[in-house]
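Let's take a friendly walk through this model together. Have the sequence and the 3D view open as you read.

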There are 2 protein chains.
Amino acid sequence: MRRFTYLLIVLPLFSFSQHEEKIKEIYDEAFTNGRVYEDLRFLCKNIGSRLSGSPEAAAAVEYTRQLMETYRFDTVYLQPVMVPHWVRGKEEIVRAINSDKHGTFDMNALALGNSVGTGPEGVLAEVVEVSGIDEVNKLGKKVEGKIVFYNGAMDPTIINTFGAYGGAVVQRAYGASEAAKFGAKAVIVRSVTNRQDDIPHTGSLVYKPLINKIPAVAISTNDANELSRILTEQTINVYIETHCQNLPDILSYNVIGELRGTETPEEIIAVGGHLDSWDVGEGAHDDGAGCMQAIEALRLFKVLGLKPKRTLRAVMWMNEENGLKGGVEYARVAKEKGEKHIAALESDSGGFQPMGFSMSGTDDQKDQVKAWRDYFTPYRVWDFDQNGGGADISPLSPQGTLLIGLRPSTQCYFIYHHTPADVFEAVDKRELELGAASMGALMYLLDQEGIK
Amino acid sequence: MRRFTYLLIVLPLFSFSQHEEKIKEIYDEAFTNGRVYEDLRFLCKNIGSRLSGSPEAAAAVEYTRQLMETYRFDTVYLQPVMVPHWVRGKEEIVRAINSDKHGTFDMNALALGNSVGTGPEGVLAEVVEVSGIDEVNKLGKKVEGKIVFYNGAMDPTIINTFGAYGGAVVQRAYGASEAAKFGAKAVIVRSVTNRQDDIPHTGSLVYKPLINKIPAVAISTNDANELSRILTEQTINVYIETHCQNLPDILSYNVIGELRGTETPEEIIAVGGHLDSWDVGEGAHDDGAGCMQAIEALRLFKVLGLKPKRTLRAVMWMNEENGLKGGVEYARVAKEKGEKHIAALESDSGGFQPMGFSMSGTDDQKDQVKAWRDYFTPYRVWDFDQNGGGADISPLSPQGTLLIGLRPSTQCYFIYHHTPADVFEAVDKRELELGAASMGALMYLLDQEGIK
C-alpha cells in the first residue's frame, strides 16, 4: 500500500517537470531565434491588406504556403473555397453641406464592408441621429427619406473591450436594414472604437433579406461627436458618395500545413488565424499576427525536434472578415473526411500581451486544460476561465471539438481594428513572440496528454 | 446558534459586495471622466524631460503642485531636498575612425548620467570588447590606455524583463570604475534594452571612491552589434567627445498632496511616482505615468466623495534617476516627525497594462493584501505574488511600512526606458487609466481595512 501511494505521488511530479522543461524550450526558442516577427513584417510590408478576393489575398495564400514549405512541414496544401468579393472602389465622400459654422465639411469615412455603393450620383439627405436600433424602431416612418446617423458609443467601463464592442457593433452590422425598413436612404455609423480620434473603422454589415439595401459608411469618433454637436444647433444635410460593390464570388483558399502524428495521426489539433484582412492598413493585429503565430507554433515543434504524437495542423482560414466561408468550408471538409479534431486553437484578438486562453466545449474538456494552468503562470498567462473560441473554428463545434482562443490584453485592440492604423509597427515583437510560444506550449500539452 | 452562524456568513459577504461596488465606482470614473491621460499629456508636451536640477524639473514641481491644488486636495506642499545637478552639455560624438569598411562612422550615443565628460579634447583610443565586468577583471592591465566596450546583452528568455535588465545593467552602473581600476581611458556600454534598434539608452553610473573617474557612454544595440562585428575583423580606434558635467547640488522639492483622514489621520497611506526623468524624451512611462496615476488615485477619492478614514498622500518624489535624494529625504522627515506610514505604493514600471501588485513587507502584511485579490481579478489585475516595492519608497522599509509596487506588463518597457522614445504617444490611455484606478482601488481597501 505504501509503495502504491508513493508511485501515485511521484509519477505526476515527474511528468510535470518533464513538460515544464519542454515548455521552457519552446518559449526560449521563440525569444531567441523566433521567426514570427519577421514573418509578420513580410506579410504586412510586402503584401499588406488582403481582403477576400483581392490580388493581395492570393499573394498571402502563396506566401504562407511557401513559408510552411520552407519550414519543411510534412504536408502543405491549399483547400479551395468560394468567397465573397467586395471592392471599395474610389474614395468615399461624406460631406456636411450646410453647417452654419463649418460651411461644407468632409468627414473621415469608410464604406462598410458588403455595403452597396451610392454610385457617382451619391445620396443627399437630412441627417437624423439615433443612439441605436431601438431608437430607429421608435422613430419609424420619421426616418423616411433621411440619412440615419447611428451614434451609439462603446461602453468605456467594460474592462474586456470585446464586450463593449459587442454592445456597439450591432448598429454597424444591422443598422442599415433596420433603417431601410422605414425608408431611410443611407446610414452613417459612429466607428466602433473606444478611442476619440480621426480614424474611421470599417467592418462588415449584414443586409436582411427582402429589405432594400441602402449604403452605409462609418465615420471617425471625432467626426461623430462634431456631427452630433452641430445637430443640437441646426438641421444638417449630408452628401454621401461611395463606389463600393459586391462582385461575383471568387475562388480562394484556406492554407494548411501539417506535422503528421507519430502515434495517433488520425487525431488532429488545429491552430490558426484568418489570412484575409480588411482592405485598409496591413491587417497586422487582425489577423496577420494570429496566422504567423500559428505557423511559428508548428515551426517551434519542428526546430526543437518535438515529434508530435498527434497530427498538428496550422490553418490560415480565408474570409473571416466578410463571410466566414473558409472556416465553414474547413469544418465541412473535416466532417466529410471523417477527421477527428480533438482541439482547435485560434489567435484572432491581436498580437498583444497574452493573458490566457478562453474555451468553448464541455466542462470536462475545459477542466482538462484548466489543470495545466500552472505551466503557464511563469509566462504571465493565467486566465483560463473565459468562454469562447474563435470565429473560424466555431463551425467545428458541432463535431465535439474543444475550441480554444488565445486571449491577449484587450485594452489597445480597438485603436487598430479595421483601420488604416493596423500596421506592422503597431505590433510588439516580444508580445507577439509570447503569444506564439504560448500557443506552441498549449499545443504541446494537447498533443502529449490529449483531450479525453 | 443558528442565528449566530447566519450572521457570520452574511457580514463578510455584505462587506465584500460593499467594497466591490465602491471599487467599481473608482474604475468607472477613471474610464469615463478620468484626467490622468490629459494630465500626463501636459507634463510631457508642455514641460517635457525634467532631470533633477533642470528648469523643467522646477516647472514639473510647480505643475503638480498647481494640479493638486486645482483638484482641491486638503493640503498641498513642497518638501525641500538637495539634489545632484548633472548636465549633458553639447551632443556626444562616438566615432570609429579607422574602419576598413565604413571609414569613419558615428554611433548613436548618449553619455551616461553622472559621467564626467571628455571635454573638447575628447578621448581617442583602441577599443577592447568585453561581455561584462568579469572579463575586465580577467584582462586586467591589458585594458590600460584602451576604451573598454561592454557588450553584454539582456537575456531574452527571462519573462519579467526587469529581471533581464538587472542582469545587464551592472556594466552600465559599475563598468566605468571597474575598467578605470586597470587604467582604461573610457567605456562604451551596449544600451540596456532587449530591442535591436538605433536608439541609445542613458541611465546613471556610480563611480567607486578613490578610482579615477573616466567618461562613459551608451551606444545603440545596432551600433553595438556592428562595432562588435568589425572588431572580429580588425582593431578599431574610437574617438569619444562628451561635454557632460556634475554641477554643485541644487535645491529641489518633493511635491506632496493630502486628503486628511476622518478617523485616524495619523495613519498615512502614500502613493506616488518620481517626478524627475532623464533629459531625453519626455519621461512619459518613466515616470510621468506613475506621478499622474498617483494624483488621479487621490482625485478619484475626492470626486467620488469617498472620505478616507486614514490620511492619503500623493507624493511626487524628486531625483530617483540619479540619486534617490527625494525618497531618502521623505523617509527621513517621516521618521523625524514620527509619522506612521502603514503602506506606501509606487508606480514606476511604466503606464502599461497592469498585471498585479508586488510587495515588500512581513508575510503577515502581505497576506492581508493578497486576501483582496478577488476584488481585482475582474479588472485583470491578478498577480500579488511578486516581491518588491519601488525605489522611492524603499527608504520607508526600516519604519515597518508595507511597500507595494504596481506591476504592469513588462514586455515593452525597455523599448522606451531612458531614451528619446519615452514620449506621451508611447502611453496608452486605457492602460494608464486601468493603472490609476487599480492604485485607487487598492488605496481604498488599505484605507478601509488598514494593515495590522
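The notes below cover the domains, the nonpolar cores and some backbone details.

## Before you start

This is a predicted model, in which local features need pLDDT of at least 70 and side-chain atom pairs count only at pLDDT 80 or more, while totals for chains, interfaces and linings use all residues. Residues are numbered from 1 along each chain as its sequence is written, and chains are lettered from A and ligands numbered from 1 in the order in which they are written.

## Two domains in chain A

Chain A is assigned domain 1 (19-86 + 248-449) and domain 2 (92-243); such bounds come from an automatic or database domain assignment. The centres of domain 1 of chain A and domain 2 of chain A, taken over C-alpha atoms, are 33 Å apart.

Where the two meet, 15 residues of domain 1 of chain A are in contact with 15 residues of domain 2 of chain A (contact: C-beta atoms, placed from the backbone, lie within 7 Å). On the domain 1 side, helix α11 (residues 413-416) of chain A gives the most, with three residues. Helices here are DSSP runs of H or I with at least four residues, strands are runs of E with at least two, and both are numbered from the N terminus.

## Nonpolar cores

A nonpolar core is a set of buried Ala, Val, Leu, Ile, Met, Phe, Trp, Tyr and Cys residues joined through C-beta atoms within 7 Å. Buried means 20 or more other C-beta atoms within 10 Å, exposed 12 or fewer, and partly exposed in between, with C-beta atoms placed from the backbone. The largest core has 132 residues, and B:Val148 is one of those with the most contacts inside it. Helix α12 (residues 429-449) of chain B supplies the largest share of this core, ten residues.

A second, separate core of 125 residues includes A:Leu51 and A:Trp317.

## Backbone details

Most residues other than glycine have a negative phi, and most peptide bonds are trans. A cis peptide bond joins A:Asp286 and A:Asp287, with omega about 0°. The bond from B:Asp286 to B:Asp287 is also cis, with omega near 0°.

B:Leu210 has a positive phi near 70°. B:Leu210 counts as exposed because it has 6 C-beta neighbours inside 10 Å. B:His418 has a positive phi of about 65°, and B:His418 is buried, with 29 other C-beta atoms within 10 Å.
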